[in-house]
Amino acid sequence: MISKDDFRKKLKFTKTDIFDEIKSRPFGKLMIWGTGGVSAGATRWLKKENIDFDGYLVDSGNLKVSDDRISDKPIYETDTFLKENSDIYIIVGHSHYEKAKLLMKKYPNIKRIWTIAAIARLDILMSEEYICKNIEKLAYSYYKLSDKESRQNMIDYLNAQLSRDGSDIISHFKTSTSYFENDVINLKDNEYYFDAGVFDGKSIQSFIKNTSEKYAGILGVEIVPQYYERAKKMFAGYANVQIINAGMSDHDGVDYFDFDGESTAITTSGGTRVDVKTIDTICKENDFHPSIIKICIGNSVLPVLKGASSVLRDYTPKLIVTAGIDTKALTDYIPEIEKMSKKNAYNFYLRYETAMAERLVLYAIPKKENLR
């Protein structure tokens, strides 16, 4: 077990805040690279920090806006703009932060490229105060991680939260992955997959692809009606795939949710009233015995996870849990899984889908299973 003092020494509490760096930059044009959802997040952050910028860059000749939440700043084709201008500063506004190095290497007139941690939402940043207050819990989660890469990923994530800069993540990032294509998950034939948070259906598509359609069953749950309807049509022709429209929580009853276009979150003030069920109840009602569960529910993962206690105890499924968009992920998820499951049932890993703080994923793999 690592002490909280030794763990604290691994963190960069004195690192300069990214927005202080942007504000103090020398003369030059400040651009956001991208015009989608991530660039909309960058736009919101700059507005919040009272930082003006000069426009957006896109890699193709299509200069149309792909997200209506970005500002009315001009849009330029990336290569053309960078060849015709000097002293350029860039904020990455797409999910592939690792490409920042390649762009800067190609164009020496780029003075600095920043990657913002917690870019998608303004309310999920882990403050220094929060990290210090929970340093013992964080040290415990760090201790429980099963390999060196996971531990490094955790430290990089926390340093990114402290500085709001994703450069530490980029420096150790290896390659883009998916939930089912990495060095941790080992899919078998006849898996029963429970997808908590279907959204656009891509995770189910990836699961089907990576099992070569040799799965036993898929049960997907989606709270947002339009996403549910779309997913239901998407998988209508597949055998043993069921999509249901429901809210999920740690109890059967009613909760209130905020829907912000990026994700859903249980709220204690206002919000939309939604009937909710636990994963345990949904599995029981559908006679479904999951061997793998993915939970991607914005920053409401913890109550959904708590609602799977019987399933974890009875079946010890592989768990894939988004961890980058919930301040409680690195303090509470591992202890909660340990509390609900059989003693010492799981090995724990952290991996990034892409080099973004939000794309951090926690994997709980039954110890009885071998890694790839």
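Helices (H or I, at least four residues) and strands (E, at least two residues) are taken as DSSP runs numbered from the N terminus. The structure is a predicted model, in which local features need pLDDT of at least 70 and side-chain atom pairs count only at pLDDT 80 or more, whereas totals for chains, interfaces and linings use all residues. Residues are numbered from 1 along each chain as its sequence is written, and side-chain values use heavy atoms, with hydrogens and water left out.

Five strands form an open sheet in the order 3-2-1-4-5, with parallel pairing; two strands are taken to pair if DSSP finds at least two bridges between them. Strand 3 and strand 5 (110–114) lie at the edges with a single partner strand each, so one side of each is left without a neighbour in the sheet. From one strand to the next, the twist averages 30°. For this and the other angles, axes are lines fitted to C-alpha atoms, for helices over the stretch in contact, and angles run from 0 to 180 degrees between N-to-C directions. Strand 4 (residues 88–92) pairs with strand 5 in the parallel sense over four bridges, and I91 stands opposite W114 in strand 5. Helix 3 (residues 37–48) packs on this sheet, where it touches strand 1 (29–33), strand 2 and strand 4; contact means heavy atoms within 4.5 Å. The direction of helix 3 makes about 145° with that of strand 1.

An open sheet of seven strands has the order 8-7-6-13-14-16-15 and mixed pairing. Its edge strands are strand 8 (241–245) and strand 15 (346–352), each of which pairs on one side only. Strand 6 (residues 192–196) and strand 13 (residues 292–295) run parallel and are joined by four bridges; Y193 stands opposite I292 in strand 13. Helix 8 (residues 148–163) lies across strand 15 and strand 16 (360–366), and runs at about 55° to strand 15.

D59 is placed in the loop between strand 2 (55–58) and strand 3 (75–77). With a relative accessible area of 51%, D59 is classed as exposed; the classes are buried (under 20% relative accessible area), exposed (over 50%) and partly exposed (in between), for a 1.4 Å probe and protein chains only. Neighbours within four places in sequence aside, D59 is in contact with W33, E77 and T78. The D59 side chain makes a polar contact of 2.8 Å with the side chain of W33, and another polar contact, of 3.0 Å, joins the side chains of D59 and T78. A polar contact is a pair of N or O atoms within 3.5 Å; within protein, one must be able to donate a hydrogen and the other to accept it, and residues adjacent in sequence count only if both atoms are side-chain atoms. D59 and D79, 20 residues apart in sequence, have a C-alpha to C-alpha distance of 7.1 Å.

Side chains of opposite charge can pair when their charged atoms come close. The structure holds 23 salt bridges, each defined as a side-chain nitrogen of Lys or Arg within 4 Å of a carboxyl oxygen of Asp or Glu. One of them joins K137 and D332, with the closest N and O atoms 3.9 Å apart. This pair links distant parts of the chain, as K137 belongs to helix 7 (residues 135–144) and D332 to helix 15 (residues 329–340), 195 residues apart. K137 is partly exposed at 44% relative accessibility, whereas D332 is buried at 19%. The side chains of D200 and K202 also meet in a salt bridge (4.0 Å, N to O); D200 is partly exposed at 22% and K202 is exposed at 56%. In the salt bridge between R273 and D275, the closest N and O atoms are 4.0 Å apart. R273 is exposed at 53% relative accessibility, and D275 is exposed at 55%. A network of salt bridges links D147, E149, K174, D183 and R351.

The structure holds zero disulfides, a disulfide being a pair of cysteine sulfur atoms within 2.5 Å. For C296, which is in no disulfide, the nearest cysteine sulfur is that of C283, 17 Å away. C296 is partly exposed at 28% relative accessibility, and C132 is partly exposed with a relative accessible area of 29%.
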